[in-house]
Amino acid sequence: MNFIISILFSGFAVSTLILIPWVGVGAFDLRVLFGVIVPYAAMATFFIGIIVRVIDWGKSPVPFRIPTTAGQEWSFPWIKSNPIDNPRGTGGVIVRMILEVLLFRSLFRNTRLEYRNADGGLKVDYEWEKWLWLAALAFHWSFLVIFLRHFRFFMEPIPSFVHLLDSLDGFLQMGVLPFNGLGVPCVYISDLLMLAAVTYLFFRRLYIPQVRYISLPADYFPLFLILALGLTGVLMRYFLRVDITAVKELAIGLFKFSPTVPEGIGVIFYIHLFILSVLIAYFPFSKLMHFAGVFLSPTRNLSNNNRFVRHVNPWDYPVQTHTYDEYEDEFRERMIEIGLPVEKQIEPKEEPKEEEKE
Amino acid sequence: MRKGLDTTRAVVETSLKNILSDKRSSIIKKWRDVIVDTYPSETQRFFRKEKDLFANPVGNIISKDVETLYDELIKDDDDDKITLCLENIIKVRSIQDFKPSQAIGFVLQLKKLVREMLESKAPINGLSGELQAFENRIDDIALLAFDIYSQCRQKIYEIRVNEVKNQLGSLLKRANLTFEIPEQEPEL
Amino acid sequence: MADTPKPDELAKIDHTPPVFRGWMDTQPEIRPGIACYGSKSKDLKYVDMPNPRDWSPFDDDWKLPENWEETIHEGFKDRLGRFRSFKLFMDICVRCGACADKCHFFIGSGDPKNMPVMRAELLRSIYRKKFTVGGKLLGRLAGARELTEDALKELWYYLYQCTECRRCSLFCPYGIDMAEITIMGRELTNLVGLNIDWIAAPVANCYRTGNHLGIQPHAYKDMLDFFTDEIEDITGLRMEQDLNRKGAEILFITPSGDVFADPGTFTCMGYMMLFHYLKSLGLDITWSTYASEGGNFGYFTSHEMAKRLNAKMYAEAKRLGVKWILGGECGHMWRVLNQYMDTFNGPADFLEEPVSPITGTRFENAKTTKMTHIIEFTADLIKNNKLKLDPSRNDNLKVTFHDSCNPARGMGILEEPRYVIKNVCNNFYEMPPSTIREQTFCCGSGAGLNAGENMELRMRGGLPRANAVKFVHEKHDVNMLACICAIDRAVLPNLMEYWVPEVDVTGVHEMVANALVFEGEKKRTTDLRGEPLPGMEDEEDV
């Protein structure tokens with residue numbers, strides 16, 4: 001796939017998705033459609049889709065235990081093993097998975113001792129080439145924080161962890177950025193981080209030729225979608241304020257399965273909601289499923305205990321082998337000649353009869 | 001590998017030499033680019049940017065040896081060093097997807113780079129004698145590169161032959177002890 | 001050559017960025033020097049593999065069977081249903097590019113289709129077209145493409161440019177393992193008879209004679225006898241080995257490459273000397289001509305073929321009535337033994353948990369497979385002071401250690417070889433950390449790619465490894481590259497000859513045997529290679 005076409009296609013798709021609720025709500029006032037039906041449909045697609053996908057993956061068995069070992073295995077007491085990177089049992093696997101899922105440990109592996117040519121010889125230092133890891137981490141964590149913060153729209157009373165997050169997230173920005181002087185609410189770090197990270201991830205795809213080469217519309221599309229989601233959110237919060245009470249009424253209604261569509265919510269909200277709906281509906285059909293897939297990855301979630309705990313292949317079937325008897329039948333004469341022990345001696349002057357296998 | 005470039009050992013005169021020394025880094029950079037540009041566009045950035053010696057041997061060999069090669073070229077000649085640098089670069093290129101001309105063409109392209117640089121900088125006229133000598137020298141290096149390329153290819157084939165010999169085992173072969181799966185027998 | 005460039009093309013290569021082309025629009029040229037020869041009819045027939053015929057990848061016609069698309073699609077579907085790894089790895093890649101520059105073939109060639117992610121995409125694109133809604137509806141926009149003959153050829157070309165070394169999987173945030181994808185891809189190519197000669201022939205040989213090289217039982221014994229003579233010349237002691245002996249306590253299985261080609265033969269002599277040394281201490285061990293192959297080229301063909309070839313190990317252990325199995329130094333052999341054997345052909349309940357008869361150490365980590373790595377066995381001997389060693393005999397060596405991919409990333413046997421090496425020689429230097437242990441670089445010739453006709457591929461794939469060796473050679477004057485893999489011993493000497501001719505290659509047990517001091521041996525003047533020991537340069541050779 002060519003990157004220009006990929007970007008144009010994804011850009012066009014996302015623009016269209018923005019226009020749909022804009023026209024739909026702005027011109028035709030289809031608030032119920034965009035405020036209730038679409039979100040419900042998207043949520044249903046999201047949950048059912050994910051469950052179906054995970055079940056589908058789960059239906060395929062794991063015939064062999066194939067962890068990628070990234071450290072010394074467990075052998076002798078006097079040899080220090082690496083229980084996390086080469087887990088011997090479930091405990092190690094759990095730690096390995098936690099580090100993988102929460103800290104993207106494998107991506108972090110890129111950190112390495114660097115040898116480079118410099119004036120006057122070889123220079124050794126640690127290279128900080130972790131932008132991918134950092135951006136990925138910033139993106140996923142800020143996304144999570146933003147998601148959790150949104151609970152103040154869904155829940156009444158607002159849970160205390162949301163307040164805590166709110167104050168932590170907003171705390172550092174108080175009076176730091178010029179926005180504060182403009183009468184806008186305090187700026188969330190997570191908002192900035194996420195937008196910055198997504199933008200970085202996009203430009204990285206574009207800028208690094210190898211990555212540009214492998215990128216598909218399926219890579220640009222979710223990035224654009226998330227960018228649009230973030231930007232509409234930011235617009236709503238800082239610039240095109242909407243009636244928060246009404247939004248909350250709608251959101252709580254949705255979650256309590258007694259949807260109401262209050263008057264007076266700006267179109268921008270419906271755009272935001274629609275993009276979110278598309279994102280979650282697209283989720284089960286896309287690479288975004290990696291969030292569930294990582295837990296199932298056989299190179300990460302299994303322990304390297306093959307030699308001491310038997311692993312059974314559920315679809316194992318018998319195969320044809322070349323038995324020792326067949327082998328000896330073919331080479332018996334020569335084996336005897338050179339003095340190798342044999343199971344059967346050569347019978348004098350008779351056609352060797354069929355031997356049965358053990 | 002081959003020593004000596006005695007055929008046309010021209011001494012590059014001081015004035016041209018000075019210019020070449022002044023412009024050292026810019027010419028070296030362009031010369032590197034000439035080489036790196038022969039790789040697929042998706043990979044060029046990696047070869048250029050990845051500075052770790054072990055993560056990117058190709059790029060680092062090109063980078064380092066082109067520099068040394070250039071310095072040796074404009075300095076008083078140390079043929080051994082020149083041969084070594086050429087060997088390092090050509091060894092890599094002779095096993096990559098290049099035709100022979102493509103693998104060693106970068107040597108001759110230095111002429112073009114130098115001329116372009118001179119045209120923009122100083123009148124060529126005053127230097128024509130020296131330039132001629134310098135270019136002759138590059139021609140010699142190109143011939144040397146050709147030799148080295150051939151040796152590398154030769155080496156590959158030697159290794160192949162030796163491997164077969166070693167595998168087909170002096171010992172076993174002599175004693176005719178191995179078993180070959182015979183051409184298909186109908187009953188199998 | 002027919003395609004000699006015209007003068008104005010000289011030294012110019014057109015790599016204009018394909019602004020309006022993507023990777024799907026470029027078709028590689030199947031190049032000699034990179035691609036291996038096609039499998040031969042006789043070898044496929046011998047083991048009942050499909051579509052046996054003689055063919056060449058350099059021809060236009062690959063003589064595919066009539067319904068090859070259907071066969072591959074069916075095979076694809078079947079494997080998606082049987083391997084969660086395969087299904088997951090088709091679905092969850094986000095193309096972040098973390099693996100892109102980790103592959104030795106990419107590093108050495110600069111060919112973007114050698115990036116692991118790209119190699120996987122070649123297969124994924126076919127998967128999407130056939131098995132995903134998006135791919136069916138959106139086609140290329142969803143990164144999907146038809147399985148055409150060109151697509152198949154391209155896929156084949158790059159699947160046989162992967163050594164299944166798993167270095168990429170180390171860096172993948174989801175653990176996507178190109179080795180696993182290559183294994184599946186190769187299974188698919190085998191469904192339509194597209195194996196390479198260098199894999200198919202050893203497989204047929206191994207099936208028939210018990211080893212890849214087709215050594216018949218009497219020849220195998222001849223070889224060991226020959227080594228016995230050699231060892232006698234060097235040490236003055238006769239170290240006879242037992243073959244196919246029933247009732248022995250331990251069965252020893254090693255790659256046949258060790259019995260056959262230098263410098264593996266010296267490692268083989270090393271094992272023989274070690275066993276002889278331990279005989280008086282209570283070692284009761286036998287070799288086998290039937291299970292005379294530790295390696296498993298079936299593993300580079302299909303899971304089924306791997307299982308068929310691997311079956312001999314337990315079968316022979318059972319027939320001979322041994323208690324447990326000891327395995328020699330080998331790479332992919334140990335990935336198979338560690339991660340597959342018990343599942344393939346176990347449970348080996350007729351064997352016992354391995355216990356060293358010399359030290360009494362229980363190898364608990366081999367409790368169910370009942371197979372112990374000889375480097376573990378020897379490390380334990382040294383730790384318990386059971387071996388009298390004179391490391392100064394290896395003083396002429398400045399050694400570095402190459403972690404073989406499979407023992408490193410498919411097992412994790414990193415410390416034991418280092419422990420043994422440090423005890424048998426005095427000069428040991430590590431290569432840079434990003435090139436050893438779990439991050440080790442492949443020799444460039446694994447997974448059946450150690451054929452001769454693809455020497456260019458091997459040299460470029462081995463460049464990152466050779467480059468690190470060159471570094472320690474220049475820095476510490478290293479002259480010996482040690483390894484615990486038979487394919488390494490076969491291919492690294494060539495790699496060194498091209499890139500770092502001053503460095504030689506050895507198995508760890510060759511150095512062990514050199515350092516091993518026997519009671520009643522004659523004064524040793526040479527090492528196993530017949531080269532003078534340090535300080536003995538002036539002594540009369542035998």
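These entries record what I looked up in a predicted model.

**Entry 1: chain C as a whole.** I began with the secondary structure of chain C, which comes to 22 helices and seven strands. I then looked up its dimensions: the C-alpha atoms fill a box of roughly 75 × 55 × 40 Å along the principal axes. The radius of gyration of chain C is 24 Å, and this agrees with a compact globule, because one of 542 residues would have a value near 24 Å. Buried residues make up 67% of the 542 residues in chain C. Among contacts in chain C with a separation of 6 or more, 76% are between residues 24 or more positions apart.

**Entry 2: helix 18 of chain C.** I next turned to helix 18, residues 415-424 of chain C. Eight of its ten residues are buried, so the helix is largely enclosed by the rest of the structure. The buried residues include Glu415(C), Glu416(C), Arg418(C) and Ile421(C). I asked which elements the buried residues of helix 18 pack against. They pack against helix 16 (374-383), strand 5 (399-402), strand 6 (480-483) and helix 22 (508-515) of chain C.

Note on methods
Residues numbered from 1 in each chain as written. Chains lettered and ligands numbered in written order. Predicted model: local features only at pLDDT ≥ 70, side-chain atom pairs only at ≥ 80, totals over all residues. Buried ≥ 20, exposed ≤ 12 C-beta atoms within 10 Å, placed from the backbone. Helix = DSSP H or I, 4+ residues; strand = E, 2+ residues; numbered from the N terminus. Contact = placed C-beta atoms within 7 Å. Rg over C-alpha atoms; globule rule 2.2 N^0.38 Å.
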